[in-house]
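Here is a brief report on one protein model. It starts with the overall layout and then turns to one interface.

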Amino acid sequence: MNYYTDNKKVLRHYLSHPLMKRIVAMQERGYTQAAQYNYAPVDFDEAVEGYEKVLELVGELCAEVIAPNAMEVEKEGPVLQDGRVVYAPATQRNLDLFRKAGLMGISLPREYGGLNFPRTVFILIEDIVSRADAAFGNLWGLQDCAETIHSFGSEEQRRRYLPRISAGETMSMDLTEPDAGSDLQSVRLKATYSEEEGCWYLDGVKRFITNGDADVHLVLARSEEGSVDGRGLSLFIVEKECGGIHIRRIEEKMGIHGSPTCEIVFKHARAELCGSRRMGLIKYVMALMNGARLGIATQSVGLAQAAYNEAYTFAHSRKQFGKEIINFAPVYEMVGTMKARLDASRSLLYETSRNVDMSGQFTALAAERPLTPEERNESKLFAKKADALTPIVKGIGSEIANLNAYDCVQVHGGSGYMRDYVCERLYRDARITSIYEGTTQLQVVAAIRYATSGFYSQLLDEYMAIDVPEALAPLRDRIAAMVERYKSAIERVQSFGCQESLDLLSRRIYEMAAYCIMAALLLADAAADEELFAASLHRFVALAEALVAGHATYVAGYTPEMIKNYDK
Ligand SMILES: Cc1cc2nc3c(=O)[nH]c(=O)nc-3n(C[C@H](O)[C@H](O)[C@H](O)COP(=O)(O)OP(=O)(O)OC[C@H]3O[C@@H](n4cnc5c(N)ncnc54)[C@H](O)[C@@H]3O)c2cc1C
C-alpha cells in the first residue's frame, strides 16, 4: 500500500498546476543552487522528480507504518513522567522513522539542513500524513514553526536553531492561556528582562499546548509592563534544555490522543526575543497562525480523505438484504457527497497554498533586492488572496472534515460506533479541527471584511472567467447564478447599515462565499481534468446551490427585529 500512489492522479494534478513552475523557479532562485548543492534540481522537471520521490516515500511510510500504528498510538497515548512528556512508544517509532527518512525541515533552506521544498509540496506531504494519523501529523507538522524563526529571527538564531529542526528536534507554539484563548490580546505570561544577564525570563502558565514538552518553544508573552493589549506582547524562543519549563498535566481529550496537549508552567525560564519587541502578536503570531491555519486545513482534508476511503471500502464489503450496501441510494448518496466535499475542499486548499507560496516567494525576494513596481503589485495581490482564502479554507475545510467523519460513521452503522473501526477515531479526531488555531467563528470574523469589501466577489469574477469544455458550460452557468445570489445577499446585509446585523448574518455570508469559491475552483480543476473531477463537480454544485439558496432565503427573511432578545 502507498498513500501517494493510490491517490496519485489527484495529488499529481496539484503538483502540476501551471503556477507551480513559477513557484518552484522562485523557490530555487532560478535553479542557481545546483552549483552549490549537488542534490539541488537544475530545472522544473528535475525538481518535480525529486518531490515525487519524497511523496512516494511518505506515501509508503504512511500506509505501511503510520496508519497501522495509529490504533496503538491512540490507545497508549503519551504519559507524564517526572514532569516530562513521554510519547507513546508507537509515536516515538513514527518520529524516529520520519527523522531517519530525512522528513524534517521540509521547507527550510538547504543552508540550514532543509529540503527547500515549496509550501505547496509541504502541504501535499501533510495531506498524506494527516490521512494516516492526524495526531502524529500534529507532532510532525509543528516543524512549520521554524518558518517563524526563519522569517523573523536573526541570522545568528537561524544558524543556531534551524539545523536542529531539520535534524528532527520538535517544536511547539505556546500562545493560549486560561484567560486568553480566542482573545490572545489578553495574554499575561510575564517576560522580564535581566539587565545583568542580558537575557529575558518567562513566568506564568500556558494551557492546551500541543507538544508542550517540545525541544524548542515559541512563546507569546507580555514584555511591556503595565500594557493591556496586543501591543505589549512579544514573541520568545525558549529551549527545553535551558530549564524552567514544567509540564503540569497532559489533558485527557476526546480525540487526537497521540498528540500531547499540555499545561505548562514557566518558572524563570530563560528566553530570547524573536524579532522586535511589541510585535509578537501584531506581526509574528499573525504570520505563525496563518501558517498553522493552513496546516489545520490540510489536516482536515487528510481526515476527510480518510473518512471517505473508510466509508467507500466498508460500503463495498458490507452486505444487507442480499447485496453490498453501496447499492442502496441513501448509502451511495452519502459516499458520493463525501467525495464531492473532499474534492472541493482540496481544490480550495491548493489554491490557498499556491497563493501563500507566491506571497512568501515575493517576501523572500524583497529581502534580497528591491522589487520592481510590477513585482510589488503582484506581491500585494498574492498576499491579499492568501489572507482572504486562509480563514475560508481553515473554517470550511474543518467543517467538511467533521461532516465527512459523521457520514463515515453513519455508513458503518453500529460498527461505526465501535472502537474497532478506524472511523470512530476519525470522528473524534476531526472534532478538534474546527476549534484549534482559531474556532470557525473566529475564521468568520477574519474573513468577513473580504466579503463586505467585495474582494471575494472580485475573486469569484476572476475564477469564473475561464474557458470550460462544452460539457461543463451548464455547470458554469449554475455557479454564476449562485455567485449572483451571494452578491445580492451581501447587498441586503449592507443595506441594514448596522454592525449587529452584519455580525449576526456573517456566518451565512461566509459560507455562501466559501461554497461559491469552492464550486468555482472545482470547476477550474474539472476544466483541466474532466475525468478526474467532473463527477464531484456535478454533485458539489447541487450541494452548493442548496446551501446558497437556503442562506439567501434566511438573509432575505432577516429583519433587525430578530436581534432583539436573541437569547430568549
Ligand atoms: C487539543 C487542543 C490543542 C491545542 N493546541 C494549541 C497549541 O498548540 N498552542 C496554543 O497556543 N493553543 C492551542 N490550543 C488552544 C486553542 O487554540 C483554543 O482552545 C482555541 O483558540 C479556542 O480558545 P478557547 O478554548 O479559550 O475558547 P474561547 O475563546 O473561550 O471560545 C469559546 C466559544 O466562544 C466563541 N468566541 C470567542 N470569541 C469570539 C468572538 N470574538 N466572536 C465570535 N465567537 C467567539 C468561540 O468560537 C467558541 O465557540 C489547543 C486546544 C486544544 C483543544
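## Model and domains

Into which domains is the protein chain divided? There are domain 1 (1-169), domain 2 (171-277), domain 3 (279-438) and domain 4 (447-563). These bounds come from an automatic or database domain assignment.

This is a predicted model: local features need pLDDT of at least 70, side-chain atom pairs count only at pLDDT 80 or more, and totals for chains, interfaces and linings use all residues. Residues are numbered from 1 along each chain as its sequence is written, and side-chain values use heavy atoms, with hydrogens and water left out.

## Overall dimensions

The protein chain holds 17 helices and 11 strands. Both are DSSP runs, numbered from the N terminus: helices are H or I with at least four residues, strands are E with at least two.

Along its principal axes, the C-alpha trace spans about 70 × 60 × 55 Å. The radius of gyration is 24 Å, which agrees with the value near 24 Å for a compact globule of 568 residues. That radius is taken over C-alpha atoms, and the globule rule is 2.2 Å times the number of residues to the power 0.38.

## Domain 1 against domain 3

The C-alpha centres of domain 1 and domain 3 lie 18 Å apart. Their contact (heavy atoms within 4.5 Å) takes 31 residues from domain 1 and 38 residues from domain 3. About 3,100 Å² is buried between them, 57% of it on carbon and sulfur atoms. Buried area is the accessible area (1.4 Å probe) that two parts lose on being put together, summed over both.

The two domains share 4 salt bridges. A salt bridge needs a side-chain nitrogen of Lys or Arg within 4 Å of a carboxyl oxygen of Asp or Glu. Arg29 and Glu368 form a salt bridge, at 2.9 Å from N to O.

## Salt bridges in the chain

The salt bridge count comes to 42. Asp6 pairs with Arg131 in a salt bridge, with the closest N and O atoms 2.8 Å apart. This pair links distant parts of the chain, 125 residues apart. Asp6 sits in the segment before α1, and Arg131 in helix α5.
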